[in-house]
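Good morning, and thank you for the time.

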Amino acid sequence: MTRPADGSEAMSEPPHGGDRPVPRTVLRGARLIDARGDHGAHDLWLVDGRVEGVDLAGDAELEIDARGLVATPAFLDPHVHLRTPGQEEKEDLASGLAAAAAGGFGTVVSMANTDPVVDDPAIVADLAAQAAALGLARLRPAAALSLGLKGERLSDYAALQAAGAVMITDDGIPVVDSHLQRRACEYARELGLVIQTHSEDPSLRQGGVMHEGAVSHELGLPGNPAEAESIMIFRDCEVARMTGARVHIAHVSSERGMRVVEWFKAQGAPVTCEVTPHHLTLTDDAWRAFDPVVKVAPPLRTADDVAYLRDAVRRGVVDCLGSDHAPHTRAEKDRDALRAPFGLPNIEVAFPLLYTDLVLAGELELAPLLELLQGGVARVMGWPEPTLAAGAPGDVVLLDLDTEAAVDPARFMSKAKFSPWDGRALRGWPAMTLVAGRVAFSRRG
Amino acid sequence: MTGAAGTRAPAAPAAPAAGSPPTKHPRHLLDLASWSADQVHTLFDTSDVMAQVMTRTIKKVPALQGFTVGTLFFEDSTRTRLSFERAARAQSADVISFAAGGSSVSKGESLKDTLKTIDAMKSDLYVVRHPAAGAPLQLTRWTDAAIVNAGDGRRAHPTQALLDAYTFRTSFPGYAGFDGVELAIVGDVAHSRVARSNVELWTKLGARVRLCGPRTLLPDELGERPGVTLTHRVEEAVEGAHAVMALRLQTERMAGGLLPSLAEVRERYQVTRARMRLAHPDALVMHPGPMNRDVEIEGVLADDPRSVVERQVANGVPVRMAVLYTLLVGSR
């Protein structure tokens, strides 16, 4: 490895937020929670972009009243679409990274299915530099597994990694050619890069726009069976086992798919997996309203699948959450069910949604939910575990676990101002997110 | 629901409004889920009145004078569009037509933008045909006009089902109430909006429906509705049935790997004179059109006295007249 593996600062990258001075900051009276435990209410001090310590003396340049709020390491997201370069009408770095910060995320991994595709080290370096200058959430670009996402030739993984790429993936387009998948895994392994897979068999998925089942047959919409996912997950896990490469299965959506992941994990295969907020909270019944906002790939499954995914989360089979935040323009989502694109924006509601539906509903404790957004992601990516210990990056989110507020897409930072959860009353809204010791988002304005 | 509907005397044809007391009905006709059996029978009573109009020398009444009906066809269809336009003009409505073929829609314009453009020209009701299921429902969010679904993807084709059931009601004496009626639908059920809407309507009216086709074109889930049974043997589907409906078989299904050769399909699933001997002696042979003669239906059977295929087309006009009239005037 030619660069620090901690994901904090790539060697070629300018300081996060530019050269502006970072104020010495204190978060007064926050309930501190991190992987080491729930430490109760303390003053958390930040200086020079890092955690300075707890309950220190002296003057602060910025005082933040954090009484009643939880302070915890800002979340990490291994799976977002920021649509840059080339599709800035859907999202750009400023809107996407502001949306991430508003959702409590301090670091996001951006997917490579842009126009042009992120298969060129110059694009990776440019994305990282642009994002660092914004000073919002940190951007860690993923690079394409194949040149142009064409599934034919490998892109230059070593050069892409040197430019700052942290993951290799053709996300959005399944890698059909098993031989290419094998070679990608072999080559990525020697570089210590994680390969992320969008596991769906296109020949079985056909033109499916929603989960194939009783609802799709009733509504007359083309279905995409769960087996299109489980078959490809099996292929991808088998290739991971065969090559020893670290393979991360993105957005597992079905019971069948999760069972395959479990089976390989039990054998010690080097696979990890993520689930999305929407696959944990919505079902194919959402299609009855015929609003293509719920058109995602892989599709929303049945209530049984949701229950199984939640159980897999509880049992620790799921390594982390991945939002798969996938913004589109409203006009694109106002097309018909067949022509509307796949993907929905969710990064700003991910935590409140899961806090409300899983933690407040009594299905999951707070600590394992945080783990899925912090340490779990770090382990998948090979980064150090985020904590609030002195010297750790000054990436902190303040969570208001008490105030209930309705989802209001009109106020999203994302350009995609629509949501399947529009109007839902949720708790657990991030009040403030600090990245590298600076305020990247504040709900107070 | 009573069996009396078919025997009610039609009201004076001069004033269709007096045909039957106004029943509260849904604002749109997207599918038949939100229409009750009583509302459907009331619609059929109105259709009786309209059918009488179509027997006169001057086949026109002023019932919808001053209304504008827009036909929005995002998918090619000649017969359905003609039938709706005839139904609108026979009631003196103005008609504007939009056919999407090679227009901006194919260039990625959103459904909403397309509708907004047309809606700016102010129609009172839109008749919509679209290749995507749910598109007519989406349109209801963006206009105040009433929407009639003229076929959306594989999902629904409610006026076709209405005219099929109306044809049965007026052609099979003694079963106008649909109690004890057995309908067999044979062919490519999976991809058929006609099948879905007929299942919805006939079971609502009290009939039982048997769906028949090869397993690749007949998913088990479609048999989960009460009153519906599935079979993969055409003889079993036809036996004792009061009406047998053959569905058009799209030849591209062969290329999609859903079917083997045409010869095998013909051999196993064609509705033939020989197989109709198993049906009720007065059974009707139906087809939503356009027919592939000697594919899903034996050619000579289509011309047999038992075939009501032409009557279905003819009834399309009064039934659609009743639909337009009910949605535009019936609730006022």
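In which sense, parallel or antiparallel, do β6(A) and β7(A) pair, and over how many bridges? Strand β6(A) and strand β7 (residues 105-110) of chain A pair in the parallel sense over four bridges. Two strands pair here if DSSP finds at least two bridges between them; the strands (E, at least two residues) and helices (H or I, at least four residues) are DSSP runs, numbered from the N terminus. In this pair, A:V80 stands opposite A:S110 in β7(A).

A word on the source. This is a predicted model, in which local features need pLDDT of at least 70 and side-chain atom pairs count only at pLDDT 80 or more, while totals for chains, interfaces and linings use all residues. Residues are numbered from 1 along each chain as its sequence is written, and chains are lettered from A and ligands numbered from 1 in the order in which they are written.

The pair belongs to an open sheet of eight strands in chain A, with parallel pairing and the order β6-β7-β8-β9-β10-β13-β14-β15. At its edges stand β6 (75-80) and β15 (320-321) of chain A, each with a single partner strand, so one side of each has no neighbour in the sheet. Helix α4 (residues 178-191) of chain A packs on this sheet and touches β9 (167-169), β10 (194-197) and β13 (247-249) of chain A. The direction of α4 makes about 150 degrees with that of β10(A); axes are lines fitted to C-alpha atoms, for helices over the stretch in contact, and angles run from 0 to 180 degrees between N-to-C directions.

Let us turn to the antiparallel strands. Strand β1 (residues 25-34) and strand β2 (residues 37-47) of chain A pair in the antiparallel sense over eight bridges, and a hairpin joins β1(A) to β2(A) through two residues. Within this pair, A:R31 stands opposite A:A41 in β2(A). Four bridges then join β2(A) to strand β3 (residues 50-54) of chain A, again running antiparallel. The bridge partner of A:L46 in β3(A) is A:V51. In the hairpin of β2(A) and β3(A), with two residues between the strands, A:D48 takes a positive phi near 50 degrees.

Finally, the two chains. Their contact takes 15 residues from chain A and 21 residues from chain B, where two residues are in contact if their C-beta atoms, placed from the backbone, lie within 7 Å. On the side of chain A that touches chain B, α6 (214-219) and α11 (330-333) of chain A give two or more residues. Helix α6(A) gives the most, with three residues.
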